[in-house]
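Colleague: I am new to this one. Can you walk me through how to read it?

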Amino acid sequence: MPMPPANPTRPGHGRLNSGRTASSLNTYQPLEGAPPAPAATDIADRADILQLVETFYSSAFEDPLIGPIFTEVAHMDLVRHMPIMADFWQTVLFKAGLYSRNALKIHFDIHAQEPLTLDHFNRWLQLWTNTVDRLFQGEKAEMAKVQAHLIAGSLHRRVTGRPASQYSTISLRPGAAAVAAEGAR
C-alpha cells in the first residue's frame, strides 16, 4: 500500500508516522546531528526485528536517563531479554502471536521501585524512533514508531493511575446526549 505524501505545511502529518502522540508524550524529534536515513528497506522478518531491538537496547542501556532503569532497577539481562522483545515486536508488527507475557505488570513492578516519569517515556520513544529511522524505511517501520507511541502512552497513563485509553477524557457537553438521541429518532 503506497504511503500518502507528507503535508509540508503540517510536519509529521499525512502518513503513518511517529508524530502522532498519545497522552502528553513529545512528538518525534530526530537526534541533532543524526545522519539522514540511507535508502533502507522495510522491517520484513524476525532478523530485522532482532537487529532493531538489539541496536535500540544497546543505546538505551547507555543512555544517562533511561539506562539506569534497565541496568539498576530492572537488572535486565540484555541477552536473555532480546528474544522476548523480538517476540513482542514480531507480534505487534506481524500479528505473530509469539508474545504472551504481561507487559503492564512488568512496568508496574518497575514503577513501584522507581517511578517511571513522562521524561523516561519520552526518552525511550526518542531513542526508539531514531533507531527505527536509522535502520529501516517503509510501512512496517512507520508502524513500529506509531505503535511505540500508542503503547508508551498507554503504559504511562496506566502506571500513573489513569485509564489506558487516550480517549478516556473525552466527554459530551451538557445536553449533547439529548440532542444526539433526538436526532436518532
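What follows is a short walk through a predicted model.

Colleague: Start with the overall build. How many helices and strands are there in the protein chain?

Modeller: The protein chain has seven helices and zero strands. Along the sequence the pattern reads α-α-α-α-α-α-α.

Colleague: What share of the residues counts as buried?

Modeller: Of 185 residues, 35% are buried. The chain exposes about 10900 Å², and carbon and sulfur atoms supply 57% of that area.

Colleague: Now the packing. How are two packed helices described?

Modeller: By the angle between their axes and the distance between the axes. Here, take α5 (residues 118-135) and α6 (residues 139-159): the angle is about 170°, and the axes are 10 Å apart.

Colleague: Which way does α5 run relative to α6, parallel or antiparallel?

Modeller: Roughly antiparallel. The reason is the cut-off: angles over 145 degrees count that way.

Colleague: Which residues make the contact?

Modeller: From α5 they include F121, W124, L125 and W128. From α6 they include A144, A148, L155 and V159. The residues of this contact divide into twelve nonpolar, three polar and two charged.

Colleague: And the largest nonpolar core: which of its residues touch the most other members?

Modeller: The core has 38 residues, and I43, V53, Y57, F70, W89, W124 and W128 touch the most other members. The elements giving two or more residues are α1 (46-62), α2, α3, α4, α5 and α6. The largest share, eight residues, comes from α3.

Colleague: Is H75 buried or exposed?

Modeller: Exposed, with a relative accessible area of 58%. The cut-off for exposed is over 50%.

Colleague: Which residue should I look at in the loop between α3 and α4?

Modeller: K95 lies in that loop, with α4 spanning 103-113. K95 has a positive phi of about 50° and is not a glycine. K95 counts as exposed, at 74% relative accessibility.

Conventions:
Residues numbered from 1 in each chain as written. Predicted model: local features only at pLDDT ≥ 70, side-chain atom pairs only at ≥ 80, totals over all residues. Heavy atoms only, no water. Axes fitted to C-alpha atoms, helices over the stretch in contact; angles between N-to-C directions. Helix = DSSP H or I, 4+ residues; strand = E, 2+ residues; numbered from the N terminus. Parallel < 35°, antiparallel > 145°, perpendicular 65-115°, else oblique. Contact = heavy atoms within 4.5 Å. Nonpolar A, V, L, I, M, F, W, Y, C, P; charged D, E, K, R; others polar. Buried < 20%, exposed > 50% of the residue type's maximum accessible area, 1.4 Å probe, protein only. Core = buried A, V, L, I, M, F, W, Y, C linked by side-chain atoms within 4.5 Å. Areas by Shrake-Rupley, 256 points an atom, 1.4 Å probe, with all protein chains shown as cover.
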